[in-house]
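These notes are meant to be read beside the model, with the sequence to hand.

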Amino acid sequence: MAALHITDIESAINWWRERSPSPDGITACPEVRALAEVYALMVWRHEHDWDEDGLPDAAREAWLAWYASTPDAPCIAICSTVQGDAVCKGCGRSVEEVQHWPVMTPGEKRAVWRRITLQGTAWRFNRYAERSGS
């Protein structure tokens with residue numbers, strides 16, 4: 001399984017905070033608390049990644065709910081891997097990532113999303129950003 005990056009945990013926390021705001025400005029919903037425990041341990045240990053399989057059940061359920069709200073595939077329907085490119089010019093994924101996407105875990109998919117977003121070289125991030133819904 002893949003490692004979840006701390007920025008994904010933070011995004012999930014913020015998504016839940018927006019979805020289920022604190023009624024008193026202090027109390028957090030159970031999903032935020034579950035994710036915050038993981039986040040706090042990552043910060044305390046100076047770790048950037050958390051094993052996808054190692055998430056406590058409540059944190060995993062909260063993270064998966066956030067994950068379900070994100071776009072699944074980075075595809076913008078301009079695939080150059082079918083023309084022999086090792087890396088798609090449209091989305092930035094490798095041939096293997098495109099082929100195995102349907103069976104990848106959520107953590108594996110998020111790792112690919114993180115890499116291609118940080119690289120920012122795929123057309124989805126420049127020429128065709130408006131088409132991809134970015």
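How far apart should the ends of α5 be at 1.5 Å a residue, and how far apart are its end C-alpha atoms? The 14 residues of α5 should span 20 Å, and the end C-alpha atoms of the helix are 20 Å apart, so the two values agree; the expected span is taken as 1.5 Å times one less than the number of residues.

1. Basis of the note. This is a predicted model, in which local features need pLDDT of at least 70 and side-chain atom pairs count only at pLDDT 80 or more, while totals for chains, interfaces and linings use all residues. Residues are numbered from 1 along each chain as its sequence is written, and side-chain values use heavy atoms, with hydrogens and water left out.

2. The chain as a whole. The secondary structure comes to 6 helices and 2 strands, where helices (H or I, at least four residues) and strands (E, at least two) are DSSP runs numbered from the N terminus. Read from the N terminus, the elements follow the order β-α-α-β-α-α-α-α. The C-alpha atoms fill a box of roughly 55 × 30 × 25 Å along the principal axes. Of the 134 residues, 36% count as buried, a term that means under 20% relative accessible area, with exposed being over 50% and partly exposed in between (1.4 Å probe, protein chains only). Among contacts (heavy atoms within 4.5 Å) with a separation of 6 or more, 62% are accounted for by residues 24 or more positions apart.

3. The buried side of α5. Within this helix, Pro 106, Gly 107, Lys 109, Arg 110, Val 112, Trp 113 and Ile 116 are buried, and the elements that cover them include β1 (3-5), α1 (6-19), α3 and α4 (95-100). Just after α5, Gly 120 takes a positive phi of about 60 degrees.

4. α3 against α5. Helix α3 (residues 57-68) and helix α5 (residues 106-119) pack at an angle of about 50 degrees, with their axes 11 Å apart; axes here are lines fitted to C-alpha atoms, for helices over the stretch in contact, and angles run from 0 to 180 degrees between N-to-C directions. Trp 63, Leu 64, Trp 66 and Tyr 67 in α3 meet Pro 106, Gly 107, Lys 109 and Arg 110 in α5. By class, this contact of α3 with α5 has 5 nonpolar, 1 polar and 2 charged residues, where Ala, Val, Leu, Ile, Met, Phe, Trp, Tyr, Cys and Pro count as nonpolar, Asp, Glu, Lys and Arg as charged, and the others, Gly among them, as polar.

5. α2 against α3. Helix α2 (residues 30-45) packs on α3 at about 110 degrees, with the axes 8 Å apart, and α2 is therefore roughly perpendicular to α3. Glu 31, Ala 34, Leu 35 and Val 38 of α2 make the contact with Ala 58, Ala 59, Ala 62 and Trp 63 of α3. These residues divide into 7 nonpolar, no polar and 1 charged.

6. α1 against α2. The angle between α1 and α2 is about 155 degrees, with their axes 9 Å apart, which means that α1 is roughly antiparallel to α2. By class, the contact of α1 with α2 has 12 nonpolar, no polar and 3 charged residues.

7. Val 95. This residue lies in helix α4 and, at 23% relative accessibility, counts as partly exposed. Not counting residues up to four places away in sequence, Val 95 touches Thr 81, Asp 85 and Ala 86. Val 95 and Val 38 are 57 residues apart in sequence and 33 Å apart in space, C-alpha to C-alpha.

8. Two backbone angles to check. Most residues other than glycine have a negative phi. His 46, in the loop between α2 and β2 (49-51), has a positive phi of about 60 degrees although it is not a glycine, and at 70% relative accessibility His 46 counts as exposed. Ala 77, in the loop between α3 and α4, has a positive phi near 65 degrees, and at 59% relative accessibility Ala 77 likewise counts as exposed.

Definitions and conventions:
Parallel < 35°, antiparallel > 145°, perpendicular 65-115°, else oblique.
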